[in-house]
Amino acid sequence: MNSRKLAIGAVTRRLVRSTGILCMLGLWLWTPGVADASTVTIQPSTADTHLREDDSGGTFGTQATMRVQSRNNQRNRRSLVQFSLAAIPSGSVITSATLQLYMTAAPTGASRTYDVHRVTRNWVEMEATWNEADANLGIAWTTPGGDFVGTPTASTTTGTVSGVWLSWDVTADVSAWYNGTASNYGVLIKDNTESSATNYNAQLATRENATTANRPKLVVAYIPPDLQITSMTVDPSVVSGDTVTVTMTVANNGPVAVSDVTPSALTLSGTATKTYVSGPTPASVASLASGASTSFTWTYTITGSVGQTYAFSGYA
């Protein structure tokens, strides 16, 4: 369900003596403006491992570190990592995303450039090898060493000091996964210049690493869906025993559609007795387009003495 307590609506009315419409001004409140940007740190990864060219059938999904290596004679190594985006609310807009991997052991002798590439085939953490995405089912990579977009999403230099975080700007990939324009198969990390005569090897902490704080992180900034209550009304003052209709109007002022817009249960206050009859109608809206609005209604029977009040509030 994609309900956010961005705005609160409230309305108050008073019972009168006769059937004449003597309407007390209703109070309705909401919070205008664009929703504040939010940041979520997704840690650990949902899957990670590495692929070894010199052990093309080996699996390493349970190890506490994964490797990136440049070495000749078919001894390169590459790492895979994947994150779930479930923590980001539906209808948000991704503004930035940073992949962070903790380097437990740096390359010796020279700093290296490590590239991140978006993976284009599903793989299984415990079954991925240099030759196969899923060795258990015999599903091979199209190209040994992993299937990925040839142009790096981002690159970073390692330095030669161990115990530091490496970071890559992966906004383009995370946005594509989130918006559904690319499947989320994670990313592959490789040395920019593989098959070097000198062995350059780094180790990166995995989700199995004993130090929880060092496990892979994806830091995502996003603008959440901007739902606003633009009005909340109730029938004018009534005689005891009448049925009133409460109407909540919700607008999507954000840049993209919001799915599963569902109002909260109403909070009742005031001195009159309010008996629920029906609502909300509709119970929810499957998708509310950017710039669109929708209304939800409830009905209640109001009983009490002259001068008593009835009030309703809720959120969406």
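Keep in mind that the model is predicted. On the charge side, the structure has eight salt bridges, and some of them are walked through below.

- Strand 16 (residues 243-252) and strand 21 (residues 293-303) run antiparallel and are joined by nine bridges.
- If you want a spot to look at in that pairing, Ala251 stands opposite Ser293 of strand 21.
- As background, strands in a sheet pair through backbone hydrogen bonds, either parallel or antiparallel.

**Salt bridges between separate parts of the chain**

- Arg112 and Asp191 meet through their side chains in a salt bridge, at 2.9 Å from N to O.
- That pair connects distant parts of the chain: Arg112 is in the loop between strand 6 (93-105) and strand 7 (113-118), while Asp191 belongs to strand 12 (residues 187-191), 79 residues apart.
- Both Arg112 and Asp191 are buried.
- Asp147 and Arg121 make another salt bridge, with their closest N and O atoms 2.8 Å apart.
- Asp147 lies in the loop between strand 9 (139-140) and strand 10 (154-157), and Arg121 in the loop between strand 7 and strand 8 (132-134), so this pair ties together parts 26 residues apart in sequence.
- Are the two partners buried or partly exposed? Asp147 has a relative accessible area of 8%, so it falls under the 20% cut-off and is buried, whereas Arg121, at 28%, counts as partly exposed.

**A pair of sequence neighbours, and a network**

- Arg207 pairs with Glu208 in a salt bridge, and the closest N and O atoms are 3.6 Å apart.
- Arg207 has 27% relative accessibility, so it counts as partly exposed; Glu208, at 27%, is partly exposed too.
- Arg78, Lys190 and Glu194 are tied into a network of salt bridges.
- The general idea is that side chains of opposite charge can pair when their charged atoms come close.

Conventions
Residues numbered from 1 in each chain as written. Predicted model: local features only at pLDDT ≥ 70, side-chain atom pairs only at ≥ 80, totals over all residues. Heavy atoms only, no water. Pairing = 2+ DSSP bridges. Helix = DSSP H or I, 4+ residues; strand = E, 2+ residues; numbered from the N terminus. Salt bridge = Lys/Arg side-chain N within 4 Å of Asp/Glu carboxyl O. Buried < 20%, exposed > 50% of the residue type's maximum accessible area, 1.4 Å probe, protein only.
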